Amino acid sequence: MKNIKYFIVLMGVLTMFASCNDEFMDRYPKTAISEGGYFKNADDLKSYINGLYNDGNLLTGGSFTDDTNDNVTIYSMTNDTWNMLKGTLSSATAGGWDDWGSLRSVNFFLQNAGKAEGNEADINNYIGIARYMRAWFYIKKVQLYSDVPWTNKALASDDPDLFKAADPRALVVDSIIADLEFAAANMSAEMGNKTRIHKYCAYALLSRFCLFEGTFRKYHDELNLASTASQFLQKAVTASEAIMNSGAFSINGSSADLEDLGNGITGSIGYRTLFHSQNLAPVSEIIHWADYDPSYRSVGVGRIKVDFGLSRSLMDNFLTKDGKPFSSVTGYDTKPYVEVFTDRDPRMAEVGVYPGFGEKDPTYGNPTPPFGGYPQLKFYPDPAWRKTSDASSEGIVIYRLGEVLLNYAEAKAELGQFTADDANRSINLLRARLGMPNFDASREVDETLRQQYKKTTDNTVLAIRRERRSELACEGLRLNDLHRWYAGELFAAPAQGIYISGLGAYDVTGDGVPDIAILAKPGEEGPIASLPDEVKSKLSLQYLEEANGAPTQFYLENGTSGRVMFTTDKAGRKWEEPKFYYRPIPQGQIVLNPELKQPFGWN
């Protein structure tokens with residue numbers, strides 16, 4: 001716990017406010033906060049809370065990728081999750097565990113906020129926001145380490161609790177739920193432009209986390225908490241219904257705004273608007289969103305094209321337009337790029353770059369498969385405003401009604417209570433936007449889906465998991481889904497990309513003219529020798545080997561044909577259960593505080 005003490009001694013509380021508003025900084029010295037002279041009224045509480053909004057450890061900023069799970073082929077960057085799969089993560093190399101100063105700032109506020117005088121509702125609103133932030137902080141800790149030290153006070157530098165043992169997961173989770181339920185009951189329902197925390201954010205996080213905890217306990221025998229799973233699943237239902245019954249949100253778009261994209265491909269403008277808009281405040285489905293500045297977004301969105309490709313597993317997950325598994329289509333497993341998007345769920349063409357997209361957006365170029373996978377389109381800046389000065393300031397979804405409906409449906413199914421009426425209140429609202437058939441688990445479950453999720457045989461649960469993956473693709477939720485379902489082995493399996501029938505040139509735009517070529521290595525270009533020079537000059541050439549025989553980024557599963565595979569996977573990804581559902585505490589922290597114990601299997 002060295003880092004807790006470090007933040008207390010060197011930063012203190014005021015350091016957290018270096019970027020607070022000028023009014024606060026003008027009123028008090030930058031070296032100390034006078035507890036007796038500051039927490040006087042709701043305005044003081046508001047100033048303090050505004051400073052906490054700048055702390056990324058206390059709020060989620062949303063996500064525009066699924067770069068650490070089976071929705072991508074491989075990730076060219078590095079992080080603890082990928083290092084774990086490669087067998088290089090240990091307590092000696094792990095990061096994290098160094099953000100406890102953020103918790104102290106929240107606890108300092110909470111132990112002083114009761115001194116404020118004035119309108120009780122205003123005061124409780126700010127207390128609710130702080131307790132929401134503490135809940136978010138601890139949710140991430142529980143999801144990484146399970147048992148962690150719980151504290152609800154601002155620890156002084158000589159407090160013995162700095163070196164306390166971890167508290168049981170059950171105690172910490174109950175404390176998280178208490179914080180969120182207080183927040184939901186006391187925060188204001190006023191949403192403004194939806195970029196600040198409000199009552200429905202607390203309900204949305206309750207919905208998300210209670211579903212996580214309920215299913216995690218149900219499927220993870222190592223916790224010995226399965227008997228308590230249903231109470232969290234019921235809380236997920238109740239929190240979801242609070243949003244569903246509020247009348248404050250509705251699904252954006254309808255089947256009337258479906259778009260013919262050519263080649264039998266259909267898109268959904270209503271769905272697209274959620275991920276290609278600079279201002280999400282007026283969008284009826286949005287509960288909470290992040291309005292990023294151009295300097296941040298210009299980096300993030302650019303990575304979509306260069307750091308990973310979407311996996312075959314994700315793209316095969318989308319149903320056909322008549323609501324059947326893609327595996328029901330004859331020859332589905334060997335369809336080329338230009339055919340896999342035809343007659344599919346419209347969300348597929350909004351998630352991945354479909355053939356013909358380059359004609360609509362020439363600045364993007366042809367969809368050359370990055371790392372052999374399907375290029376991501378979801379969250380890529382809309383060409384209508386990308387060249388403007390604020391083109392990269394795309395809004396990012398944090399909570400939306402679509403996720404809440406899926407949380408509700410899954411929790412009801414896990415409780416064995418999912419009915420036709422529940423389907424109409426949840427999944428069928430999402431299907432109506434897409435012009436897709438109503439939910440039918442018996443029609444939508446195939447053997448591939450059963451093999452993916454071996455811990456359940458319930459067709460309704462399985463079909464809802466398919467729907468969740470399609471609806472929420474690339475929104476940063478998939479890894480936690482795999483963890484709570486005890487399905488991490490899916491992430492460890494060698495990823496597959498697009499299908500290649502053999503070395504040669506391929507059309508990926510749907511115009512009948514080859515755009516890319518997969519060749520053995522430079523100098524061996526016989527498979528494209530007969531093509532006109534004009535066509536060859538425009539090909540994007542990709543090789544299985546470099547000129548000296550060294551492998552490049554991918555290979556084909558059958559040598560010269562088959563699914564694109566990845567050279568970094570040839571040695572195999574490593575997965576250990578239940579160990580890899582958790583992360584190690586950095587060893588230095590264990591040395592400083594021997595009361596801390598590594599989670600399952602780590603040392």
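**View 1. Packing of helix α4 against helix α7.** Helix α4 (residues 42–52) packs against helix α7 (residues 120–145) at an angle of about 20 degrees, with the axes 9 Å apart. α4 is therefore roughly parallel to α7 (angles under 35 degrees). The model is predicted: local features need pLDDT of at least 70, side-chain atom pairs count only at pLDDT 80 or more, and totals for chains, interfaces and linings use all residues. Residues are numbered from 1 along each chain as its sequence is written, and side-chain values use heavy atoms, with hydrogens and water left out. Axes are lines fitted to C-alpha atoms over the stretch in contact, and angles run from 0 to 180 degrees between N-to-C directions; helices are DSSP runs (H or I, at least four residues), numbered from the N terminus.

**View 2. Residues between α4 and α7.** Ala-42, Leu-45, Lys-46, Ile-49 and Leu-52 of α4 meet Asp-122, Ile-123, Tyr-126, Ile-129, Ala-130 and Met-133 of α7, contact meaning heavy atoms within 4.5 Å. By class, nine of these residues are nonpolar, none polar and two charged.

**View 3. Surroundings of Met-133.** Leaving aside neighbours within four places in sequence, Met-133 is in contact with Ile-49, Leu-52, Tyr-53, Leu-58, Leu-59 and Val-106.

**View 4. Packing of helix α17 against helix α19.** Helix α17 (residues 401–414) and helix α19 (residues 427–434) pack at an angle of about 135 degrees, with their axes 8 Å apart. Gly-402, Leu-405, Leu-406 and Ala-409 of α17 make the contact with Ile-427, Leu-429 and Leu-430 of α19.

Key
Helices (H or I, at least four residues) and strands (E, at least two) are DSSP runs, numbered from the N terminus. Angles under 35 degrees count as roughly parallel, over 145 as roughly antiparallel, 65 to 115 as roughly perpendicular and the rest as oblique. Ala, Val, Leu, Ile, Met, Phe, Trp, Tyr, Cys and Pro count as nonpolar, Asp, Glu, Lys and Arg as charged, and the others, Gly among them, as polar.
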